[in-house]
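Me: I would like to learn how to read a protein model step by step, with a general idea for each feature and then a case from the structure itself. Could you take me through one?

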Amino acid sequence: MGEPSFARLSLLFFGFLLIFATYSWVFRPDSGFLFGTRVGKTLRSDPRVRVDHSTEKPRHPLDPLTVREIERVRTILSGYDPGFGSGSATIHSMALDEPEKRRVVKWKKGNKLPSRRAAVVAYWGGQAHEITVDLDSGRVVSDLVNPTSGYPILTLNDVFAASQVPLESVEFNRSIEARGVKFSDLVCITPFAGWFGPEEEGRRVIRVQCYTLQGTTNYFMRPLEGLYVMVDIDKLEVIKIIDKGPITIPKASGTEYRFGIQNKPVHMDRINPISMEQPDGPSFRVEDGHLVKWANWQFHIKADQRAGMIISQATVRDSETGEPRSVMYKGFPSELFVPYMDPEEGWYYKGYMDAGELGLGPTAMPLVPLNDCPRNAYYIDGVFASPDGKAIVQPNMICLFERYAGDISWRHTEIVFSDADVRESRPKVTLVARMATSVGNYDYIFDWEFQTDGLIRVTVAASGMLMVKGTPYENVEDLGDKEDDAGPLISENVIGVVHDHFITFHLDMDIDGPTNNSLVKVHLEKKRVPTGKSPRKSYLKVKKYIAKTEKDAQIKLSLYDPYEFHIVNPNRKSRVGNPAGYRIIPGGNAASLLDHDDPPQIRGAFTNNQIWVTPYNRSEQYAGGVLMYQSHGDDTLQVWSDRDRPIENKDIVLWYTLGFHHVPCQEDYPVMPTVAASFELKPANFFDSNPILGLAPFFDKDLPVCKPFASS
């Protein structure tokens, strides 16, 4: 058994890489500081600067838990149950238990902060616990045990320990040897199990799938197809091994993607470095670490272990009065659902819920200056809790920057009057809040972009590695009529498995206040012109419908039955009597085509519609439920919405799912170019007129003199 020891070393190395990447920025009481960058009122544009998180205090009711608060929660829990001191209990997530909305809305800077509480999801003794800890009193004030089906978010300790289990199996080791793979090149990952019935019932299970690192860093392109292992996470034992025999391992050549390693020529002219210059410095400022002020916008921003990045209390100033007006109380990606379309035994379970099963925060690595974010960016760290309750920091997890790419805010040139020189154009400068997370093979980039005309654009981009399947075929001509059901051939012996990406956003829209909002469905109805009335034969007529209950707001988008969807405050009227509102503008989108009784879709039922509206409820934050891992789909947005509660003139939450079908192609190999989808939240009778009519144009004198372009 000499060689398996190398496998253990390989897996240990891989696991340590994961843990180091996520947990290496650990607060050390003996040193009294964390690595990172300074936060507060001074802009942190240099990500190499260090910041002392150990002394930070909350300054806003929605500020995330600080290092000191996380350590205090750990102490309180250790006194609450011996499991937290002995190590038999693990913390799977910890975040601020946000105060009641009405208290946050009424709070003003300088007032005393509402009571600080922590929401903890823990696991011990085979049971999930939703715990609320009061930091002021030092007590556990609630402990819900197994409130729904499912288990907490996995920790990387779970993932690492499970990945080692197969090495204790003689059968598994023989299967590796039969494939001619050195144990020193072996890398195993842990695809999540989903839920498919009795075999998974009553225990936490996970799958293990392996690859070879030989000749490349990009092991995702070199799967050991046909070998799959099911593991019991708690007992750390093999449940089942599936071995369909060795299948050709794809080649290593052409899979490397690191700039310093690959030697593939790029047949294009060099692109010179480019940067947006700000001679007078940035136009935005960050106060107290989390409050962002820019142009006519103000919002609170924070990192979150599950959602990654949360935008709260977004307000925009009225263009006529200067009054700050509420637009959105809270917005974040609630769940990310990625179902794969291969029904075979080793693939059918792959329907990932990345936010609820692993979390978008721990997998958010430090952003790369000049590449992930431009030179004028400001960086924000994330502060989380490790499984043993100690504070950890994800440095440079979020960046803020102003963007100008030559876009136009508005323009008009007058051509009717020959004696008048009317040429008016205004530049579009926007503010972007960005986070990137690497959830296994995929990298997701989340952007919240704020415009001076009151528009918010939300974009999700995907890059990284495909999850591919090994095949004996090297050319599509070899397939004949045996074309693989899983997807197309994208390289020799490599199938790109067809899959979907769906991201459901929680958008707590508070248009001019939280208590009086409604959804208005603005229908474009085709009408036939009566014979003889006009040369026209048909036209479109606008008709508005107010959604009374939740089922009125379960909406599937259709090009041939067009609607606009407005969130309005019927009690705030414009100068001419229209209710103040915002409309959601879908971008390119996709709908889930899976049957509703398919197990992945039961859990992902929040993608059954693209738009939902529910009454505000503090317990309804995550579209797939709080306990997502191996859940049965009994605590989803679909379940809540089917209660059909009243939503007219209420405090309501808008849910929007953007998505795209992904049929892989050769250009996605070995690392895929970024593909993006977006939606917009745009004012609709919110302002009395164009809010940026008085925006000043740019002039040459405003900018530094740069070297002129020299043509050859």
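Reply: What follows is a dialogue about sheets, annotated domains, aromatic rings and backbone angles.

Me: What kind of model is this, and how are its residues numbered?

Reply: This is a predicted model, in which local features need pLDDT of at least 70 and side-chain atom pairs count only at pLDDT 80 or more, while totals for chains, interfaces and linings use all residues. Residues are numbered from 1 along each chain as its sequence is written, and side-chain values use heavy atoms, with hydrogens and water left out.

Me: How should I read a sheet, and what is the strand order in the open sheet of four strands?

Reply: Begin with the terms: helices (H or I, at least four residues) and strands (E, at least two) are DSSP runs numbered from the N terminus, and two strands pair if DSSP finds at least two bridges between them. Here the open sheet of four strands has the order 5-6-7-8, and its pairing is antiparallel. Strand 5 (186-189) and strand 8 (237-243) are the edge strands, each pairing on one side only. From one strand to the next, the twist averages 25°, where axes are lines fitted to C-alpha atoms, for helices over the stretch in contact, and angles run from 0 to 180 degrees between N-to-C directions. Four bridges hold the antiparallel pair of strand 5 and strand 6 (residues 205-212), and leucine 186 stands opposite threonine 212 in strand 6.

Me: Which helix lies across these strands?

Reply: Helix 6 (residues 170-178) lies across strand 5, strand 6, strand 7 (223-232) and strand 8, and runs at about 170° to strand 7.

Me: Which annotation covers residues 152-245?

Reply: The UniProt annotation, from an unreviewed entry, is "domain: Copper amine oxidase N3-terminal". Over residues 152-245 the chain is 19% helix and 31% strand, with the end C-alpha atoms 35 Å apart. UniProt also places the feature "domain: Copper amine oxidase N2-terminal" (unreviewed entry) at residues 60-142, a span that is 30% helix and 33% strand and whose end C-alpha atoms lie 24 Å apart.

Me: How many aromatic pairs does the structure hold?

Reply: Rings of Phe, Tyr and Trp (its six-membered ring) pair if their centres lie within 6.5 Å; planes under 30 degrees apart count as stacked, over 60 as edge-to-face and the rest as tilted. The structure holds 26 aromatic pairs. In one of them, the ring centres of tyrosine 211 and tyrosine 219 are 5.8 Å apart and the planes stand at 65°, so the pair is edge-to-face. Tyrosine 211 is buried, with a relative accessible area of 0%, and tyrosine 219 counts as buried at 13% relative accessibility; the term buried means under 20% relative accessible area, exposed means over 50%, and partly exposed lies in between (1.4 Å probe, protein chains only). Phe192, Tyr340, Trp347, Tyr352 and Tyr629 form one aromatic cluster.

Me: Where does the charged end of arginine 306 sit?

Reply: A charge sits over a ring if NZ of Lys or CZ of Arg is within 6 Å of the ring centre and within 35 degrees of the ring normal. The charged end of arginine 306 sits over the ring of tyrosine 622, 3.9 Å from its centre, and lysine 101 lies over the face of tyrosine 616, at 4.4 Å from the ring centre.

Me: What should I look for in the backbone angles?

Reply: Most residues other than glycine have a negative phi, and most peptide bonds are trans. Asparagine 493 has a positive phi near 65° and is found in the loop between strand 23 and strand 24.

Me: Is asparagine 493 buried or exposed?

Reply: Asparagine 493 is buried, with a relative accessible area of 5%. Alanine 295, whose phi is also positive, near 50°, is found in the loop between strand 10 (291-294) and strand 11 (297-304), and counts as partly exposed at 39% relative accessibility.

Me: Which residues does a cis peptide bond join?

Reply: A cis peptide bond, with omega about 0°, joins tyrosine 669 and proline 670, and proline 670 has its place in the loop between strand 31 (652-662) and strand 32.

Technical notes: Contact means heavy atoms within 4.5 Å. UniProt positions are given in the numbering used here, feature names are shortened, and annotations may be inferred rather than shown by experiment.
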